[in-house]
Amino acid sequence: MRIVLTQADVQRALTRIAHEILESNRGAENLLLLGIPTRGTVLAKRIAAVIHRIEPSAPAELAGSLDVTMYRDDLSRSGIRMPSPTEIPASIDGRTVVLVDDVLYSGRTIRSAFDALSDLGRARAVRLAVLVDRGHREFPIRADFVGKNLPSAASERINVRLSETDGVEDHVSIEGGVE
């Protein structure tokens with residue numbers, strides 16, 4: 001296992017992403033961050049907290065979660081998954097929705113998120129923020145806000161660990177593949 005992002009690196013990346021989101025959206029008005037469970041939800045809440053520090057007038061209910069389990073195209077192959085709650089703090093209609101996930105890999109999870117979002121309303125725009133983009137896309141999906149581009153072999157595993165979900169100090173590591 002090789003650590004590629006430390007706790008401080010993760011915090012810096014999320015702070016940068018928050019600034020980029022605000023700059024792209026020209027402020028926090030009509031902005032909604034939706035994390036994809038499990039770690040994407042934690043990251044969305046952290047980014048929302050940074051946005052509130054930068055722009056105290058940002059809406060109080062800035063972050064929520066979007067479960068995509070029932071929209072996945074690999075349910076029959078990946079075994080039983082327990083859906084997580086979808087918590088949308090405000091209507092998505094007319095808002096800029098930023099989907100937040102920990103690792104962007106094949107793009108299948110994000111494709112599922114687009115389907116789930118379309119059932120909830122019509123966003124003005126949909127953006128994507130990820131902590132790690134590792135490449136190997138199977139769908140034409142690109143993140144708008146990236147904490148770290150981390151080219152990796154398909155045989156390697158990217159592990160994101162966060163204190164809220166894993167009970168350890170935040171870090172991102174790579175394991176497997178050729179050392």
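D133 is found in strand β5 of this predicted model. Strands are DSSP E runs of at least two residues, helices are H or I runs of at least four, and both are numbered from the N terminus. D133 is buried, at a relative accessible area of 11%. Buried means under 20% relative accessible area, exposed means over 50%, and partly exposed lies in between, with a 1.4 Å probe and protein chains only. D133 touches L104, V146, K148, N149 and L150, leaving out residues up to four places away in sequence. Contact here means heavy atoms within 4.5 Å. The bridge partner of D133 in β6 is N149.

Residues are numbered from 1 along each chain as its sequence is written. Local features need pLDDT of at least 70, side-chain atom pairs count only at pLDDT 80 or more, totals for chains, interfaces and linings use all residues, and side-chain values use heavy atoms, with hydrogens and water left out.

**The parallel sheet**

Five strands come next. An open sheet of 5 strands runs in the order β3-β2-β4-β5-β6, with parallel pairing. Strands β3 (63-65) and β6 (145-149) stand at the edges with a single partner strand each, so one side of each has no neighbour in the sheet. The twist averages 25° from one strand to the next. Angles run from 0 to 180 degrees between N-to-C directions, and axes are lines fitted to C-alpha atoms, for helices over the stretch in contact. Two strands pair if DSSP finds at least two bridges between them.

| Strand pair | Sense | Bridges |
|---|---|---|
| β2 (residues 31-35) and β4 | parallel | 5 bridges |
| β4 and β5 (residues 125-133) | parallel | 8 bridges |
| β5 and β6 | parallel | 4 bridges |
| β7 and β8 (residues 171-176) | antiparallel | 6 bridges |

On one side, L32 stands opposite V97 in β4. On the other strand pairing, L99 stands opposite L128 in β5. From β4 the chain crosses through helix α4 (residues 108-118) to β5, and this β-α-β crossover is right-handed. Right-handed means that, with the strands pointing away from the viewer, the path from the first strand over the helix to the second runs clockwise.

Within α4, the buried residues include I110, R111, S112, A113, A116 and L117. Strands β2, β4 and β5 are among the elements that cover the buried residues of this helix.

**The annotated motif**

UniProt, in an unreviewed entry, lists residues 97-109 as "short sequence motif: PRPP-binding". UniProt positions are in the numbering used here, feature names are shortened, and annotations may be inferred rather than shown by experiment. Over residues 97-109 the chain is 62% strand and 15% helix. The end C-alpha atoms of this stretch are 16 Å apart.

**Helix α1 and its neighbours**

Helix α1 (residues 7-25) packs against helix α2 (residues 39-54) at an angle of about 65°, and their axes are 9 Å apart. The crossing of α1 past α2 is right-handed. A crossing is right-handed if the near helix is turned clockwise from the far one by less than a right angle, and left-handed if anticlockwise. On the α1 side, V10, Q11, L14, T15, I17, A18, H19, I21 and L22 meet the α2 residues L43, R46, I47, V50, I51, R53 and I54. Helix α1 also lies across β2, β4, β5 and β6, and runs at about 150° to β6.

V10 sits in helix α1. V10 is buried, with a relative accessible area of 1%. Leaving out residues up to four places away in sequence, V10 touches L5, R46, L131, D170 and V172.

**The antiparallel sheet**

A further open sheet holds 3 strands in the order β1-β8-β7, with antiparallel pairing. Strands β1 (2-5) and β7 (156-161) stand at its edges, each with a single partner strand, so one side of each is without a neighbour in the sheet. The twist averages 30° from one strand to the next. N159 stands opposite S173 in β8.

I3 lies in strand β1. I3 is partly exposed, with a relative accessible area of 47%. Beyond neighbours within four places in sequence, I3 is in contact with H171, V172 and S173. The C-alpha atoms of I3 and V160 are separated by 9.9 Å, although the two are 157 residues apart along the chain.
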